[in-house]
Amino acid sequence: MPNNKNLIYVNKDKLEFHLTNQQVSYIFRIFEKSKQPEHLYFGKSIQNRPSFDFLIEREPRSSINLNEKDYTSSLEHTKQEYPGFGTTDFRYPAFELEYPEGDRVSNFAYDSYVIHEGKPKLKGLPATYTDSADEAQTLEIILREAHSDLRISLFYSIFEKRSLITRSVEFHNDGKEIVKLNHAMSMSIDFPDDDFDMIHLNGAWARENHIERQPLFKGVQSISSARGASSHIHNPFFALARPETTERQGEVYGFSLVYSGNHLGQVEVDTYNVTRATMGINPYQFQWKLQPDEAFQTPEVVMVYSDTGINGMSQTYHDLYRNRLARDPWKNQERPVLINNWEATYFDFNEEKIMEIAEKAKETGIELFVLDDGWFGERNDDSSSLGNWTENKAKLPNGIKGLSEKIHKLGLKFGLWFEPEMINKDAPLYQEHPEWVIHVPGKPMSPGRNQFVLDFSNPEVVDALFDQMDAILIDGKIDYIKWDMNRYITEPFSTRLPHDQQGELYHRYILGVYSLYERLLERYPDILIESCAGGGGRFDPGLLYYAPQAWTSDDTDAVERLKIQYGTSLVYPLSSIGSHVSAVPNHQVGRTTSLDMRSAVAYFGTFGYELDVTQLSEDEMNQMKAQISFFKDNRQLIHEGIFYRLKSPFEGNETAWMIVSQDRKEALVSFYQVLAHPNPSYSRLKLAGLEEDTLYSLDPDAEERFGSDLNTIGLLFSENERQRGHFWSRNGKSDFHSWIVKLTAKE
Ligand code: DGJ
């Protein structure tokens with residue numbers, strides 16, 4: 001029987017469940033022998049029918065079965081939805097419980113189901129949401145065990161108009177005994193074949209989110225973090241794409257975890273070519289003591305299906321994360337063009353210098369001034385004062401309040417840097433509470449950037465940091481916070497948690513981080529927060545729920561940024577991608593690129609500058625003014641449009657992408673050439689997403705072209721022609737060139 005929205009069909013006799021909309025279908029049933037959910041299908045939307053039992057694949061096999069004289073009940077040969085440990089399936093499970101008797105064998109069976117209108121909130125965790133209950137429906141499958149008082153709820157949500165399913169799990173202890181949760185993934189799915197490439201985003205500090213793509217092999221392959229943060233190394237995302245899938249064509253499944261801590265995305269291909277994909281909190285170094293009457297909520301995974309290639313998958317993520325993960329008031333509000341003083345001054349500034357930069361920046365059209373690291377305690381380098389969030393009066397004689405007033409008087413908004421989770425040993429807080437630092441008493445503590453991590457699993461620590469930040473924010477009239485986090489967790493041990501709950505530390509830490517974000521936003525709902533972790537060390541959907549933009553990388557070099565931003569765009573919308581124009585020679589790689597090239601890359605994100613404007617020539621100041629005005633004219637298009645990747649920086653010397661407005665009436669195309677070539681060939685850049693029968697006028701070329709020929713033939717140019725772009729540097733043929741074309745539909 002369909003419910004009133006026709007998003008979830010349930011065959012009550014056969015216990016089959018079909019979640020479907022115009023784009024996607026997700027089908028599973030309850031296996032009558034084990035009473036466990038059996039996966040049947042995930043992919044392109046298919047017609048509903050009374051039963052999908054033709055999808056059941058069941059060969060008699062001489063393996064270990066659930067019953068004697070029964071050769072078709074082995075879970076090893078059953079495609080499952082949320083496999084447990086210890087019976088007839090030897091693949092990696094989705095969860096593992098340790099019972100009071102010491103065994104880890106689970107036998108959960110279907111109990112009942114509930115359909116919720118909309119999407120229930122996840123307790124204490126960020127998640128995608130609905131604005132009104134009629135946008136989505138959620139199926140809750142309840143599993144119970146005969147030999148324990150445990151209950152598992154599997155949540156599946158389907159939005160009416162999105163090609164995705166979200167999943168999460170809640171464990172309940174309804175009994176009187178403590179049970180240990182050793183492994184609690186957010187989802188698991190068994191695909192019937194292994195004809196996939198695994199795509200993921202790999203990196204390191206200053207080279208985040210580089211795209212990796214490899215064919216699956218038989219065995220286990222995974223991406224993960226055990227660093228206490230989602231990390232620079234592996235973004236909490238992977239995709240399974242058909243080998244023939246390209247940017248614009250073919251099938252791909254995306255898996256994105258709405259979480260900022262230790263994670264695991266694992267794909268296991270068994271010897272029968274079944275592909276098990278799981279994702280969730282990394283079980284390594286995790287254990288949760290599930291107390292009587294307690295529930296444990298896993299984070300959410302967003303599973304996107306696209307049959308329009310990798311770009312189609314990205315567009316689905318972009319729209320969801322922009323509109324149903326980012327929250328009001330910033331989700332649809334124009335983000336201010338900012339200037340940040342970090343690469344301009346590092347720690348060496350005073351109020352006078354800051355005001356000089358701010359005044360000059362104001363002339364160019366900048367809207368927000370951000371004071372970065374070094375304004376507090378005795379902080380003149382990276383070895384001191386974190387945890388002491390009081391103004392350094394030697395640098396700022398009028399305090400943050402006084403500086404903020406002056407900046408506001410100029411007509412700029414004012415933003416401030418914090419690194420709330422960290423402490424240096426010279427901070428008074430450390431002297432008072434050395435036990436608030438994550439460490440093992442009596443064992444050495446490893447410094448990272450000379451700092452240590454506060455134990456955010458302890459609510460008293462979170463309270464203390466809230467109070468310190470509140471004292472600054474309350475008088476400072478702060479419009480924006482840059483929340484940084486510059487080291488990973490080592491020596492994981494909390495002096496507050498009992499010995500047998502140390503496995504909870506990493507997860508409780510992230511819950512503490514989320515709770516501080518939530519408290520700050522409750523008190524200061526209009527503040528715009530940009531998250532940061534030494535660049536993109538915690539650029540994940542979990543934090544985008546609180547901080548709708550993130551500093552993508554400490555690497556501000558335009559050429560490096562092509563790869564970083566291109567990779568980041570696989571999952572994250574441009575409105576979340578912090579991108580700034582910085583000085584040359586670039587501080588990370590020493591490269592000198594033109595101001596045009598730097599701005600043309602930085603436009604495609606939350607645009608800003610990170611250089612000493614007082615050092616710019618008049619000509620450069622004029623260029624900066626023109627760039628800011630260009631960005632403001634196109635800001636809405638860039639932040640709310642549909643993004644198409646056209647040429648990959650991972651495949652050659654040229655990169656191109658474009659953004660098309662939702663009504664397809666406007667578009668910006670951007671092309672980048674890293675190195676110049678002598679006597680180059682002609683080339684064509686095929687565009688995408690334009691309305692076929694619409695006539696567009698091209699600026700700066702003053703040509704008129706139909707969407708159909710731009711989509712199928714493209715822009716034709718030789719290197720000489722490229723020079724016609726108005727952001728093209730005029731100094732002849734040289735390296736690092738960019739070219740931007742604006743398309744506007746003719747009325
Ligand atoms: C690392 C950040 O990524 C930089 O942008 C800057 O804020 C520094 N930290 C400050 O210490």
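**Close-up views of a predicted model**

View 1. Asn-486 places a polar side-chain atom 3.4 Å from a nitrogen atom of the ligand. The structure is a predicted model. An oxygen atom of the ligand lies 3.0 Å from a backbone N or O atom of Gly-535. For Asp-554, a polar side-chain atom lies 2.3 Å from an oxygen atom of the ligand. Asp-554 is also one of the residues that come nearest to the ligand, together with Asp-372, Asp-373, Lys-482 and Asp-484. There are 13 residues around the ligand.

**View 2. The salt bridge between Arg-538 and Glu-421.** The closest N and O atoms of Arg-538 and Glu-421 are 2.7 Å apart, and the pair forms a salt bridge. Arg-538 belongs to the loop between β27 (528-531) and α8 (541-544), and Glu-421 to the loop between β23 (413-418) and β24 (422-423), so the contact ties together parts that are 117 residues apart in sequence. Are the two partners buried or exposed? Both Arg-538 and Glu-421 are buried.

View 3. In the model as a whole, the count comes to 54 salt bridges.

**View 4. The salt bridge between Arg-449 and Asp-382.** Arg-449 and Asp-382 form a salt bridge, with their closest N and O atoms 3.7 Å apart. This pair links distant parts of the chain, 67 residues apart. Arg-449 sits in the loop between α5 (428-432) and β25 (452-453), whereas Asp-382 sits in the loop between β22 (368-371) and α4 (399-410). Arg-449 has a relative accessibility of 29% and therefore counts as partly exposed. Asp-382, with a relative accessibility of 25%, also counts as partly exposed.

View 5. The side chains of Lys-401 and Glu-405 meet in a salt bridge, at 3.6 Å from N to O. Why are these two residues separated by about one helical turn? Because Lys-401 and Glu-405 are 4 residues apart in helix α4, about one helical turn separates them. Lys-401 is partly exposed, with a relative accessible area of 41%. Glu-405 is partly exposed as well, and its relative accessible area is 48%.

**View 6. Helix α1.** Helix α1 covers residues 309-323 and has 15 residues. From its first C-alpha to its last, α1 reaches 22 Å, close to the 21 Å expected at 1.5 Å a residue. How many of the residues of α1 are buried? The helix is mostly covered, with 13 of its 15 residues buried.

**View 7. An open antiparallel sheet.** This open sheet is formed by 4 strands in the order β1-β2-β3-β4, with antiparallel pairing. At the edges are β1 (8-11) and β4 (37-44), each of which pairs on one side only. With direction ignored, neighbouring strands of the sheet are turned by 10 degrees against each other on average. Strand β1 is joined by 4 bridges to β2 (residues 16-20), and these two strands run antiparallel. Which residue in β2 is the bridge partner of Ile-8? The bridge partner of Ile-8 is Leu-19.

How values were computed. Residues are numbered from 1 along each chain as its sequence is written. This is a predicted model: local features need pLDDT of at least 70, side-chain atom pairs count only at pLDDT 80 or more; totals for chains, interfaces and linings use all residues. Side-chain values use heavy atoms; hydrogens and water are left out. The expected span of a helix is 1.5 Å times one less than its number of residues. Buried means under 20% relative accessible area, exposed over 50%, partly exposed in between (1.4 Å probe, protein chains only). A salt bridge is a side-chain nitrogen of Lys or Arg within 4 Å of a carboxyl oxygen of Asp or Glu. Two strands pair if DSSP finds at least two bridges between them. Axes are lines fitted to C-alpha atoms, for helices over the stretch in contact, and angles run from 0 to 180 degrees between N-to-C directions. A residue is near a molecule or strand if one of its heavy atoms lies within 4 Å of it. A polar contact is a pair of N or O atoms within 3.5 Å; within protein, one must be able to donate a hydrogen and the other to accept it, and residues adjacent in sequence count only if both atoms are side-chain atoms.
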